[in-house]
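Here is a friendly tour of one protein model. Take a look at the picture before reading on.

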Amino acid sequence: MTMANTPAPEDVARWRRDWETMMRHYQPGRDDLLAAGLTAAEQAHGRAPERVLDVGGGPGTTAEAVLRRWPDAHVTVLDIDPALLALTNAALPRVRTVLADIGSPGWLPAAGGPYDLVLALMTLHYLPEDRVRDWYVEAGHLLAPQGLLLVSDAMHDAPVSSKSQSGGMDPWTLWWAALSAQPSMAPLLTERAVTLSGLKSAEFVASTDWHGEAARRAKFGETAVLHLHAGHALMAFRR
Ligand SMILES: C[S@@+](CC[C@H](N)C(=O)[O-])C[C@H]1O[C@@H](n2cnc3c(N)ncnc32)[C@H](O)[C@@H]1O
């Protein structure tokens, strides 16, 4: 039996599947990109990372891919969105979730650490330029020795593929509309509206050189571009 205010497991599974489909619309080649990042993390450590933090990890689909590859890893998903974290909790009870806002340095103590791997996929564009610079400094404090930071987002110098023509509402709006149509999600969506009140994506986009420079200023010694595709890049940073 499913409680009135608890989403049914099959709904959670469907929304998380649809989330990945939606994200692939914005970030084609996402599976290859993540695989390249996880391989780099293994090479950096010479073994599977044990402690992984996914910043802005949303409904935990990346966390699930991490656990598929490294079943013994301790994975933390940090996000500002209580509705998305509830989907992570429902699907991945082993994963630790942290509700925190990376828009200010207060997220650092909440994040815990140290981590062998810190990921931020399609998340940093929510922050304004100055905050992204400071975020690199903060992320550096969370890394264990040999730890790797992986950042992926839209970047100016990534080659652009021809845009798919999808008339009507954009996939992001459609995904949230489907969630809102589910009565069991109403309390969480109300909590979300309060928590995210006034939060707007800065839609910040820079080049791989800009991110490399921000990381160097944050005392990262090694920078690599691991993947460039369809307007998006994956970059790796080591202290
Ligand atoms: C486009 S989604 C990407 C989610 C996930 N990383 C993925 O690739 O599927 C951006 C994520 O960043 C989170 N986010 C945006 N602003 C944030 C903030 N200030 N603090 C923490 N998380 C934030 C959103 O709630 C959302 O889960």
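The report below goes through helices, strands, the ligand shell and some backbone details.

## How to read the model

This is a predicted model: local features need pLDDT of at least 70, side-chain atom pairs count only at pLDDT 80 or more, and totals for chains, interfaces and linings use all residues. Residues are numbered from 1 along each chain as its sequence is written.

Helices (H or I, at least four residues) and strands (E, at least two) are DSSP runs, numbered from the N terminus. A residue is buried if 20 or more other C-beta atoms lie within 10 Å of its own, exposed if 12 or fewer, and partly exposed in between, with C-beta atoms placed from the backbone.

## Helix α1

Let's begin with α1, which covers residues 9–26. This helix has 18 residues and reaches 26 Å from first C-alpha to last, close to the 26 Å expected at 1.5 Å a residue (the expected span is 1.5 Å times one less than the number of residues).

Which residues of α1 are buried? They are Val12, Trp15, Arg16, Trp19 and Met23. They cover an arc of only 95 degrees around the axis, which puts them on the same side of α1 (the arc is that of the directions from the helix axis to the C-beta atoms). On the other side, Glu10, Arg17 and Thr21 are exposed. The buried residues of α1 pack against α2, α3, α4 and α7; two residues are in contact if their C-beta atoms, placed from the backbone, lie within 7 Å.

## Helix α2

The 16 residues of α2 should span 22 Å at 1.5 Å a residue, and the 23 Å between its end C-alpha atoms agrees with that. Its buried residues are Arg30, Leu33, Leu34, Gly37, Leu38 and Ala41. Seen down the axis of α2, these fall within an arc of 130 degrees, so they line one face of the helix.

Asp31, Asp32, Thr39 and Gln43 are exposed on the other side of α2. Among the partners that the buried residues of α2 pack against are α1, β5, β6 and β7.

## Strand β7 and its partners

Strand β7 (residues 232–238) is mostly covered, with six of its seven residues buried. Two strands pair if DSSP finds at least two bridges between them. Seven bridges join β5 to β7 in the antiparallel sense, and Leu148 stands opposite Arg238 in β7.

Strand β6 also pairs with β7 in the antiparallel sense, over seven bridges, and here His227 stands opposite Leu234. β6 and β7 form a hairpin with two residues between them, and Ala230 in the turn has a positive phi of about 50 degrees.

## Around the ligand

Of the 17 residues around the ligand, Gly56, Gly58, Ile80, Asp81 and Tyr126 come nearest (a residue is near a molecule if its C-beta atom, placed from the backbone, lies within 6 Å of it). The shell divides into seven nonpolar, seven polar and three charged residues. Here Ala, Val, Leu, Ile, Met, Phe, Trp, Tyr, Cys and Pro count as nonpolar, Asp, Glu, Lys and Arg as charged, and the others, Gly among them, as polar.

## Backbone details

Most residues other than glycine have a negative phi, and most peptide bonds are trans. Met122, though not a glycine, has a positive phi of about 55 degrees. With 18 C-beta neighbours inside 10 Å, Met122 counts as partly exposed. The peptide bond from Gly113 to Pro114 is cis, with omega near 5 degrees.
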